[in-house]
Amino acid sequence: MIKVQKLSKHFGKVKAVDEISFEVKEHENLILLGTSGCGKTTTLKMINRLIEPSAGNIFIDSKNIFEQSPETLRRGIGYVLQNNGLFPHYTVAENIAIVPQLLKWDKKRTEKRVAELLEKLHLTKDYLNVYPNELSGGQQQRIGLARALVADPAVLLMDEPFGALDNVTRSKIHAEFKALDELKRKTIIMVTHDVQEAFELGDHICLMDQGKIIQDGTPADLLFNPKNSFVKEFLQEQKLQLEFKAIKLNQLSRPLKGEAEKGVGQKVNNISADVSFWSVLEHFKFDGVDELNVIDKENNETWSANFEELMSAFYQYKKQQFHE
Ligand SMILES: Nc1ncnc2c1ncn2[C@@H]1O[C@H](COP(=O)(O)OP(=O)(O)OP(=O)(O)O)[C@@H](O)[C@H]1O
Ligand SMILES: [Mg+2]
């Protein structure tokens with residue numbers, strides 16, 4: 001869906017972005033991860049042509065983006081700015097309606113779509129006529145997201161969308177983010193400097209340093225096959241937590257075959273096999289379940305297991321990874 005080839009941006013002598021290449025498949029969530037100044041925002045802004053590159057090529061849906069006008073290009077791309085970038089003198093409704101206005105939607109259609117988005121993002125109508133400075137940081141970020149989603153673009157670029165939030169609010173918004181149907185239909189490039197966030201939300205991560213991509217792979221690739229000591233050291237902190245986030249249920253060998261018998265009075269939740277082990281822990285921790293019913297759509301099977309069985313499968317998987 002998105003193909004970036006040997007993309008560079010030089011500001012005088014500073015090589016902000018230095019010959020990077022990567023691809024994003026349709027409906028995938030790619031994370032650009034790296035410390036401050038490594039070139040993440042510059043990369044993102046070249047994709048919607050807010051910055052013109054010094055060299056390189058970008059294709060979206062097989063079309064060369066430099067052969068389109070920037071305005072046409074941006075109509076198909078939602079953009080969430082670093083520090084949310086809401087206009088302070090526009091109300092919430094006006095901020096969200098910026099793109100519909102450019103597209104000359106009629107008033108009814110805009111109002112309907114804005115109301116629909118507010119509901120999906122768990123904000124009430126009372127916020128429509130409020131100004132951004134009357135909102136909390138988390139609410140502002142939700143409005144920034146609504147503004148990017150309003151015209152239902154196929155591609156979404158997000159620059160540290162959950163940057164300035166406390167940990168509790170952030171994990172709440174992460175959960176909403178993962179559950180939002182609209183986002184599952186989008187191809188997303190998200191920038192963050194937070195390793196945990198990258199592992200939780202990314203299908204695929206480009207770890208950057210000084211304008212270059214050091215490693216490009218799945219969270220598990222980076223964790224279990226780090227390309228060099230830079231990658232290893234970058235992921236060193238809270239490694240166990242990253243492992244929980246990198247390993248998906250469908251990678252584990254099943255502790256039990258078939259559907260296990262449920263004990264009387266036990267709490268059993270259904271869970272998709274496509275989620276990380278981290279989500280499993282959340283079910284046990286926050287939902288107090290005794291057992292999980294794992295639905296594996298890809299292989300058309302269902303299996304269940306309790307906490308001990310799942311933990312043991314997790315450690316078995318880890319052992320295999322490190323033996324290879
Ligand atoms: N307009 C500009 N003129 C000159 N140098 C710039 C300009 N924009 C960015 N740079 C430089 O390019 C490098 C990359 O900047 P960029 O904003 O892409 O970093 P970033 O990874 O997004 O960092 P952060 O996490 O702090 O947002 C930095 O060294 C920065 O100083
Ligand atoms: Mg930045």
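**Close-up views of a predicted protein–ligand model**

Figure 1. Arg49 is buried, with a relative accessible area of 13%; buried denotes under 20% relative accessible area, exposed over 50% and partly exposed in between, with a 1.4 Å probe and protein chains only. The structure is a predicted model, in which local features need pLDDT of at least 70 and side-chain atom pairs count only at pLDDT 80 or more, whereas totals for chains, interfaces and linings use all residues. Residues are numbered from 1 along each chain as its sequence is written, chains are lettered from A and ligands numbered from 1 in the order in which they are written, and side-chain values use heavy atoms, with hydrogens and water left out. Arg49 belongs to the loop between H1 and strand S4 (55-60), and just after H1 it adopts a positive phi of about 60 degrees. Helices (H or I, at least four residues) and strands (E, at least two) are DSSP runs, numbered from the N terminus.

**Figure 2. Surroundings of the Arg49 side chain.** Apart from neighbours within four places in sequence, Arg49 is in contact (heavy atoms within 4.5 Å) with Ile65, Phe66, Gln68, Ser69, Pro70, Leu73 and Arg74. The C-alpha atoms of Arg49 and Ile65 are separated by 8.4 Å, with the two residues 16 residues apart along the chain.

**Figure 3. Helix H1.** Of the 8 residues of H1, 6 are buried, so the helix is largely enclosed by the rest of the structure. The buried residues of H1 are Lys40, Thr42, Thr43, Leu44, Met46 and Ile47. H1 (residues 40-47) also gives the most to the shell around ligand 1, with 3 residues.

**Figure 4. The shell around ligand 1.** Ligand 1 is surrounded by Phe11, Ala16, Ser36, Gly37, Cys38, Gly39, Lys40, Thr41, Thr42, Gln82 and Glu160, a residue being near a molecule or strand if one of its heavy atoms lies within 4 Å of it. By class, the shell has 3 nonpolar, 6 polar and 2 charged residues; Ala, Val, Leu, Ile, Met, Phe, Trp, Tyr, Cys and Pro count as nonpolar, Asp, Glu, Lys and Arg as charged, and the others, Gly among them, as polar.

**Figure 5. Polar contacts of ligand 1.** An oxygen atom of ligand 1 lies 2.5 Å from an N or O atom in the Ser36 side chain, and a ligand oxygen is 2.8 Å from a polar backbone atom of Gly37. For Thr42, a polar side-chain atom is 2.5 Å from an oxygen atom of ligand 1. The protein buries 60% of the 640 Å² that ligand 1 exposes when taken alone; accessible areas come from the Shrake-Rupley method with a 1.4 Å probe, and for residues only the protein chains shown count as cover.

**Figure 6. Gln215 in strand S10.** Gln215 lies in S10 (residues 212-217) and counts as buried at 8% relative accessibility. Its side chain reaches the backbone nitrogen of Lys227 at 2.8 Å. Not counting residues up to four places away in sequence, Gln215 touches Ile205, Cys206, Leu207, Asp221, Leu222, Asn225, Pro226, Lys227 and Val231.

Methods
A polar contact is a pair of N or O atoms within 3.5 Å; within protein, one must be able to donate a hydrogen and the other to accept it, and residues adjacent in sequence count only if both atoms are side-chain atoms.
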